[in-house]
Amino acid sequence: MRRSKLELYEEIICALAKNALTVDSIAFQCNTNCVTLQDQLEFLLTQNMVSIEVSRNNRAFYVLTQRGAAISKTLAITKRLEKLQTH
């Protein structure tokens with residue numbers, strides 16, 4: 001079944017909650033292609049949920065902003081509550 005945009009945003013945020021990642025790494029973790037991912041990352045950038053940090057060797061890494069981290073924590077709490085409800 002195809003994922004919605006919202007589900008993909010959630011996966012991206014959860015992947016970035018662990019550490020900064022390149023586009024290729026995010027695509028691999030979220031099981032999506034880089035073209036689709038670029039559109040999603042652009043949206044998250046405009047919403048100030050992620051930012052880009054450039055390393056010394058000019059590689060772009062995406063990281064969560066404070067707003068993105070807060071959303072990540074909220075998503076994690078929501079998932080835990082859903083698990084408690086089903087048990």
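The model is predicted: local features need pLDDT of at least 70, side-chain atom pairs count only at pLDDT 80 or more, and totals for chains, interfaces and linings use all residues. Residues are numbered from 1 along each chain as its sequence is written, and side-chain values use heavy atoms, with hydrogens and water left out. Helices (H or I, at least four residues) and strands (E, at least two) are DSSP runs, numbered from the N terminus.

**Aromatic pair**

- The structure holds one aromatic pair. Rings of Phe, Tyr and Trp (its six-membered ring) pair if their centres lie within 6.5 Å; planes under 30 degrees apart count as stacked, over 60 as edge-to-face and the rest as tilted.
- Tyrosine 9 and phenylalanine 43 have ring centres 4.9 Å apart and planes at 25°, so they are stacked.
- Tyrosine 9 sits in helix H1 (residues 5–18) and phenylalanine 43 in helix H3 (residues 34–46), so the pair ties together parts 34 residues apart in sequence.
- Tyrosine 9 is buried, at 14% relative accessible area, while phenylalanine 43 is partly exposed at 34%. Buried means under 20% relative accessible area, exposed over 50%, partly exposed in between (1.4 Å probe, protein chains only).

**Helices H2 and H3**

- The axes of H2 (residues 23–30) and H3 come within 10 Å and cross at roughly 105°. Axes are lines fitted to C-alpha atoms, for helices over the stretch in contact, and angles run from 0 to 180 degrees between N-to-C directions.
- H2 and H3 are therefore roughly perpendicular. Angles under 35 degrees count as roughly parallel, over 145 as roughly antiparallel, 65 to 115 as roughly perpendicular and the rest as oblique.
- From H2, Val23, Asp24, Ile26 and Ala27 meet Cys34, Leu37, Gln38 and Leu41 of H3.

**Threonine 32**

- Threonine 32 is in the loop between H2 and H3. Its relative accessibility is 18%, so threonine 32 counts as buried.
- Beyond its neighbours within four places in sequence, threonine 32 is in contact (heavy atoms within 4.5 Å) with Arg3, Leu8, Ala27 and Leu37.

**Salt bridges**

- There are two salt bridges. Each has a side-chain nitrogen of Lys or Arg within 4 Å of a carboxyl oxygen of Asp or Glu.
- One joins glutamate 11 and arginine 3, at 2.8 Å from N to O. Glutamate 11 is partly exposed at 28%, and arginine 3 is partly exposed at 29%.
- Another joins lysine 79 and glutamate 10, at 3.5 Å from N to O. Lysine 79 lies in helix H4 (residues 66–86) and glutamate 10 in H1, so this pair ties together parts 69 residues apart in sequence.
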